[in-house]
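Welcome! Have a look at the picture first, then try each task before reading on.

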Amino acid sequence: MTIQHLKTAKSDAERAQDDAKTRATVEATLADIEARGDVAVRELSEKFDNYSPASFKLSQAEIDDLIAQLTPRELADIKFAQAQVRNFAQAQRDSMLDIEVETMPGVILGHKNIPVQSVGCYVPGGKFPMVASAHMSVATASVAKVPRIIACTPPFKGKPNPAVIAAMHMGGAHEIYVMGGIQAIGAMALGTQTIDPVHMLVGPGNAFVAEAKRQLFGRVGIDLFAGPTETMVIADDTVDAELCATDLLGQAEHGYNSPAVLLTNSRKLADETLLEIERILKILPTADTARVSWDEYGEVILCDTYDEMLAVADDIASEHVQVMTDRDDWFLEHMTCYGALFLGPRTNVSNGDKVIGTNHTLPTKKAGRYTGGLWVGKYLKTHSYQKITTDEAAAEIGAYGSRLCMLEGFVGHAEQCNVRVRRYGGVNVPYGEGAPARDAAE
């Protein structure tokens, strides 16, 4: 059994250096936003986006004017995509039930699924206007019935992008702000003089956006650590180099640090894909970006067996995993660590990104080992409750609780139980002692 790396990416040490620089920049910027609020946000917007409107929040008239700039076909396409996202999100929501059970006579336990009360949705758009990200975050929050949904997106070429704003509005955003980067994340999470802070942040973004969310986690909730786009193609000789190269570069164009990995057991396919990537890069309009990602973060890994391919794939835990083999369902059954699977040559990551209905905000940097992607359930908090309705149950549960608290040395805890045993069970438990068992067998 042999695993060969025919092309390697930047080392972990090199990536760590990049991360450290980003971390320091974000920390200083968030501190500035917290201290100076709107003033800091405006300065950052002027510096990075050359954008300084009278108000970053769009009025309804401004939203209507931007939507009017789209063609009927463009609006229909946005509506179609949002319908797919809403339909799947609603099916997921319907699967999440409130429960209430009587675990023993007089003891009732349950849980309720309650929406987060406010969410800030970040929609990237400085380099490419990410219309689809509005569906994934805003529309899904709307299905979850979040009472306050605010959305931020950077200006595109110096002004709001009509399609992104339309998607935010149609998705159900209650407030729309044209601002990007760390300043948008900081403003939504920390609040400013004109923006009330939210309880949760969601949405993908560049390394600075992802780091800002990471540093703010705890003060607010976040969906997940969604960094630069990652893609993996798992393929054997049932497909050709054109499909593999196209699917790798289709995601590499996202940014300058988007990992793209070919994992195969076919040396012929590996070699041909490397050549095909070079051919496509000569004609791809976004090659300036895709070339850097491929040169610095692209990998080609050759394995002997499907079991080896499975082990490598689970270790990398890529955000997008496209499987094109003679046993796609075998990978579906056995893979455990990834963001989302795209099975078969007819399927592709772009469909998942834009229209098919599953959510495209997915875990990166191996986070697929412990979490899935954004979905309607991320906007819901599952809260438990308990209720004792009979004296007998209060006394019985109280007696067990009393003794278990004393076992741990928590006398105050035990008294919470004991006072119920005295009142509802008629047993005079001495202060600071555990309640007696009802019989010797206990």
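**Exercise 1. Find the handedness of the crossing of α3 and α6, then describe how the two helices pack.**

Step 1. The crossing of α3 and α6 is left-handed, meaning that the near helix is turned anticlockwise from the far one by less than a right angle (clockwise would be right-handed).

Step 2. A word on the model: it is a predicted one, where local features need pLDDT of at least 70 and side-chain atom pairs count only at pLDDT 80 or more, while totals for chains, interfaces and linings use all residues. Residues are numbered from 1 along each chain as its sequence is written, and side-chain values use heavy atoms, with hydrogens and water left out.

Step 3. Now locate the helices: α3 covers residues 60-68 and α6 covers residues 162-171. Helices here are DSSP runs (H or I, at least four residues), as are strands (E, at least two), numbered from the N terminus.

Step 4. The axes of α3 and α6 lie 8 Å apart, at an angle of about 120°. Axes are lines fitted to C-alpha atoms, for helices over the stretch in contact, and angles run from 0 to 180 degrees between N-to-C directions.

Step 5. α3 and α6 are therefore oblique to each other. The classes are roughly parallel under 35 degrees, roughly antiparallel over 145, roughly perpendicular from 65 to 115, and oblique for the rest.

Step 6. On the α3 side, Q60, I63, L66 and I67 meet P162, I165, A166 and H169 of α6; contact means heavy atoms within 4.5 Å. These residues divide into six nonpolar, two polar and no charged (nonpolar: Ala, Val, Leu, Ile, Met, Phe, Trp, Tyr, Cys and Pro; charged: Asp, Glu, Lys and Arg; polar: the others, Gly among them).

**Exercise 2. Work out how α15 and α16 are arranged.**

Step 1. Helix α15 spans residues 391-408 and helix α16 spans residues 411-425; they pack at about 155° with their axes 8 Å apart. That makes α15 roughly antiparallel to α16.

Step 2. The crossing of α15 and α16 is left-handed.

Step 3. Among the residues in this contact are A394, G398 and C405 of α15, and A414, C417 and V421 of α16. The residues of the contact divide into ten nonpolar, six polar and two charged.

**Exercise 3. Which residues of α11 are buried, and where do they point?**

Step 1. In α11 (residues 287-297), the buried residues are A287, T289, A290, S293, W294 and Y297. Buried means under 20% relative accessible area, exposed over 50%, and partly exposed in between (1.4 Å probe, protein chains only).

Step 2. Seen down the axis of α11, the buried residues fall within an arc of 160°, so they line one face of the helix. The arc is that of the directions from the helix axis to the C-beta atoms.

Step 3. Helix α9 (residues 241-252) and α11 have axes that come within 8 Å and cross at roughly 105°. α9 and α11 are therefore roughly perpendicular to each other.

Step 4. L248, L249 and A252 of α9 make the contact with T289, A290, S293 and W294 of α11.

**Exercise 4. Place A340 in the chain.**

Step 1. A340 belongs to strand β13, residues 340-343.

Step 2. With a relative accessible area of 17%, A340 is buried.

Step 3. Not counting residues up to four places away in sequence, A340 touches E319, H320, V321 and L362.
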